[in-house]
Amino acid sequence: MRSQKIKAQLYYQDKIFELHQKGKSVREITKYVNKQCLAKSRFKEISLSKSTVHNIIKKLENVR
């Protein structure tokens, strides 16, 4: 289960950062990713928390 969550984080990190750059809040991004992306993909049983989304954004801001 943990490896599936990590795969989902890596798979959607670009979408998360794109939404962040458009001015969406962490809460809005989390809701969108969990409902629109993960629920309709092979990661149906996975959901990302707000803190996970926030950490992804922080890491990507430092890299880019």
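Q: Is T52 buried or exposed?
A: T52 counts as buried because its relative accessibility is 12% (buried means under 20% relative accessible area, exposed over 50% and partly exposed in between, with a 1.4 Å probe and protein chains only).

Q: Where do these values come from?
A: The model is predicted, so local features need pLDDT of at least 70 and side-chain atom pairs count only at pLDDT 80 or more, while totals for chains, interfaces and linings use all residues. Residues are numbered from 1 along each chain as its sequence is written, and side-chain values use heavy atoms, with hydrogens and water left out.

Q: OK. Which helix is T52 in?
A: T52 sits in α3, residues 50–63 (helices are DSSP runs of H or I with at least four residues, numbered from the N terminus).

Q: And what does T52 touch?
A: Apart from neighbours within four places in sequence, T52 is in contact with K5 and Q9 (contact means heavy atoms within 4.5 Å).

Q: Switching topic: at what angle do α1 and α2 pack?
A: The angle between α1 (residues 2–21) and α2 (residues 26–38) is about 130°, and their axes are 11 Å apart. Axes are lines fitted to C-alpha atoms over the stretch in contact, and angles run from 0 to 180 degrees between N-to-C directions. The two helices are therefore oblique to each other (under 35 degrees is roughly parallel, over 145 roughly antiparallel, 65 to 115 roughly perpendicular, and the rest oblique).

Q: Which residues make that contact?
A: From α1 come A8, Y12, K15, I16, L19 and H20, and from α2 come I29, Y32, V33, C37 and L38.

Q: What about L19, buried or exposed?
A: L19 is buried, as its relative accessible area is 10%. Leaving out residues up to four places away in sequence, L19 touches K24, I29 and Y32.

Q: And R27? Buried or exposed?
A: R27, in α2, counts as exposed because its relative accessibility is 62%. Its C-alpha atom lies 9.1 Å from that of S49, 22 residues apart along the chain.

Q: How many residues are in the largest nonpolar core?
A: It has 16 residues, and those with the most contacts inside it include I16, V33 and L48. Such a core is a set of buried Ala, Val, Leu, Ile, Met, Phe, Trp, Tyr and Cys residues joined through side-chain atoms within 4.5 Å.

Q: Which helix gives the most to this core?
A: That is α1, with five residues. Each of α1, α2 and α3 supplies at least two.
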